[in-house]
Amino acid sequence: METGTANYPMTAKTQYGLEDLLADELKRLGASAIVKHNRAVSFEGDKGFMYKANLCLRTALRILKPIKTFNIVNEEGLYREIGKINWEDYMGVDDTLAIDCSLNSDFFTHSQFLAQKAKDAVVDQFRNRHGKRPSVDLDQPTLRINLHIFKNACTVSLDSSGESLHKRGYRTQTNLAPINEVLAAGLILLSGWDKRSPLIDPMCGSGTILIEAAMIANNIPSGYFRKRFGFESWKDFEPALWDTIFNAAIDKISEENQQITGVEIIPEIAEMAKANVLGSKVEDTVKIVCSSFHDFEPWEHITKTTGKPIVIMNPPYGERLEPENIKELYKSIGDTLKKKYAGCDAWVITSNVEAMKSLGIHATRKISLYNGPLECKFLKFSMYEGTRKVHKLKKETPNEENAAGEERIEETP
Ligand SMILES: C[S@@+](CC[C@H](N)C(=O)[O-])C[C@H]1O[C@@H](n2cnc3c(N)ncnc32)[C@H](O)[C@@H]1O
């Protein structure tokens with residue numbers, strides 16, 4: 001394995017739609033040879049950079065270190081090629097392993113079967129040499145190996161992250177439909193939030209968007225609360241180098257108190273959000289209000305006059321949660337944004353295309369993303385100051401055919 005100073009190629013995996021953000025993050029962190037792919041970005045860096053990438057990248061799911069690429073046409077070929085790698089360079093017979101396999105190929109159909117075949121090749125190598133074999137541990141292995149098979153090309157990588165990097169380690173409490181932390185960070189970065197203007201999540205659930213925002217604003221590394229990264233059990237792990245990288249990153253944490261506010265209608269879920277905020281030590285920055293979004297008065301909670309407030313919300317989609325009438329809910333979201341959020345930029349992520357139309361406001365940007373398996377749109381609505389005035393006018397003349405004026409104002413950037 002490499003010494004701390006030699007550069008080598010790596011691949012950071014991410015979610016669809018976050019590749020540009022990840023490439024930017026890698027550039028700012030100091031990676032070289034950055035190339036974007038579908039749901040991944042390849043780059044080069046040394047061992048210290050690999051530690052830093054795991055600790056700091058907000059939009060990466062895993063950092064893989066490729067060790068061998070070869071072509072295969074059947075499972076036996078995979079077994080043979082995996083057997084040619086000297087696995088004692090990476091683990092001992094008393095260590096444990098797990099193998100993940102991602103597949104995009106007409107030659108093969110079952111990723112689990114291929115992972116099994118590769119595991120056989122590794123353990124058979126140890127058994128032939130030592131008369132005993134390493135065990136499999138799917139949760140916390142000493143070495144997590146990744147196979148990526150595209151057509152007939154197989155890349156074998158070591159997974160330096162271990163557990164997926166979206167598992168930040170701060171969220172102890174979750175509601176029914178929490179958003180993945182990597183996606184939450186992606187939404188905030190895609191929104192272009194300036195880290196200073198007030199930020200509101202009016203349907204905050206367990207508080208993920210708020211906590212990710214506070215961590216971004218205060219430079220808290222995304223992996224600060226994680227107990228462990230995969231590379232810590234590698235044979236070539238350098239604890240002193242990791243300490244240096246970790247301390248340099250936490251030296252950059254700032255303690256500016258932002259105005260980040262979450263609103264949640266269900267008291268038990270609001271309590272969960274509060275517990276998560278405490279767990280991530282951002283309670284000075286993030287405030288949780290138990291209320292309906294429709295009753296919440298944002299301007300009573302925004303005291304800063306600098307910067308345009310930003311709203312980022314992940315309402316129920318009507319898939320995993322079942323509000324009685326999802327279209328009615330979305331119509332009321334649109335109405336509340338118009339009534340109470342004039343002067344803000346509002347972003348809404350949803351997979352429900354039909355319900356989206358019921359918002360009754362015109363999106364000025366639409367970004368395609370995935371929330372788990374659900375294809376989503378992340379929509380931007382610029383709630384112009386004029387909207388509030390028009391709304392007032394509408395209230396004063398209730399019989400007038402109304403919405404057209406509001407729509408027209410909102411559609412004009
Ligand atoms: C999809 S979940 C949000 C998940 C959140 N992003 C997280 O990471 O946990 C939607 C949340 O909106 C809340 N909600 C629904 N209607 C609401 C309303 N009128 N006002 C405030 N919160 C509401 C639900 O209770 C639920 O917790």
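**Helix 5**

I began with helix 5 and listed its buried residues: Glu 181, Val 182, Leu 183, Ala 184, Ala 185, Gly 186, Leu 187, Ile 188, Leu 189, Leu 190 and Ser 191. That is 11 of its 11 residues, so I noted the helix as mostly covered. I am working from a predicted model, and I keep that in mind throughout.

What covers helix 5? I found helix 1, helix 6, strand 12 (310-313), strand 13 (345-350), strand 14 (365-371) and strand 15 (374-382) among the elements over its buried residues. Just after the helix, Gly 192 takes a positive phi of about 75 degrees.

I then followed the chain into the loop between helix 5 and strand 9 (199-201), where Lys 195 lies. Lys 195 is not a glycine, yet I read a positive phi of about 75 degrees for it. Is Lys 195 buried or partly exposed? I counted 16 C-beta neighbours inside 10 Å, and Lys 195 therefore goes down as partly exposed. Burial would need 20 or more.

**Helix 5 against helix 6**

I looked at how these two helices meet. Helix 5 (residues 181-191) and helix 6 pack at about 65 degrees, and their axes are 9 Å apart. The crossing is right-handed. On the helix 5 side I listed Glu 181, Ala 184, Ala 185, Leu 187 and Ile 188. On the helix 6 side I listed Thr 208, Ile 209, Glu 212, Ala 213 and Ile 216. By class, this contact has 7 nonpolar, 1 polar and 2 charged residues.

Past helix 6 I stopped at Asn 219, in the loop between helix 6 and helix 7 (239-251). Asn 219 is another residue that is not a glycine and has a positive phi, here about 60 degrees. It has 17 other C-beta atoms within 10 Å, so I marked Asn 219 as partly exposed.

**Ligand shell**

Which residues come nearest to the ligand? Of the 21 residues around it, I noted Met 203, Gly 205, Ser 206, Thr 208 and Phe 293. Thr 208 had already turned up in the contact of helix 6 with helix 5. Helix 6 (208-217) and strand 10 (260-264) each supply at least two residues of the shell. I sorted the shell by class and got 13 nonpolar, 7 polar and 1 charged residues.

**Pro 202**

I checked Pro 202, which sits in the loop between strand 9 and helix 6. It has 28 other C-beta atoms within 10 Å, so I logged Pro 202 as buried. Leaving out residues up to four places away in sequence, Pro 202 touches Val 263, Phe 293, Phe 296, Val 311 and Met 313. Phe 293 is also on my list of residues that come nearest to the ligand. I took one distance as well: Pro 202 and Glu 264 are 62 residues apart in sequence, but their C-alpha atoms are 6.7 Å apart in space.

**Helix 1**

In helix 1 (residues 19-29) I found Leu 21, Leu 22, Ala 23, Glu 25 and Leu 26 buried. Their cover includes strand 1 (8-13), strand 2 (32-37), strand 3 (40-45) and helix 5. Just after helix 1, Gly 30 takes a positive phi of about 110 degrees.

**Helix 3 against helix 4**

I moved on to the next helix pair. The axes of helix 3 (residues 75-84) and helix 4 (residues 111-130) come within 8 Å and cross at roughly 35 degrees. This crossing is right-handed. Helix 3 brings Glu 75, Leu 78, Tyr 79, Ile 82 and Gly 83 to the contact. The contact divides into 8 nonpolar, 2 polar and 4 charged residues.

**Whole chain**

The protein has 13 helices and 15 strands. Buried residues make up 42% of its 413 residues. Among contacts with a separation of 6 or more, 77% come from residues 24 or more positions apart.

How values were computed:
Residues numbered from 1 in each chain as written. Predicted model: local features only at pLDDT ≥ 70, side-chain atom pairs only at ≥ 80, totals over all residues. Near = placed C-beta within 6 Å. Helix = DSSP H or I, 4+ residues; strand = E, 2+ residues; numbered from the N terminus. Nonpolar A, V, L, I, M, F, W, Y, C, P; charged D, E, K, R; others polar. Axes fitted to C-alpha atoms, helices over the stretch in contact; angles between N-to-C directions. Left-handed = near helix turned anticlockwise from the far one by under 90°. Contact = placed C-beta atoms within 7 Å. Buried ≥ 20, exposed ≤ 12 C-beta atoms within 10 Å, placed from the backbone.
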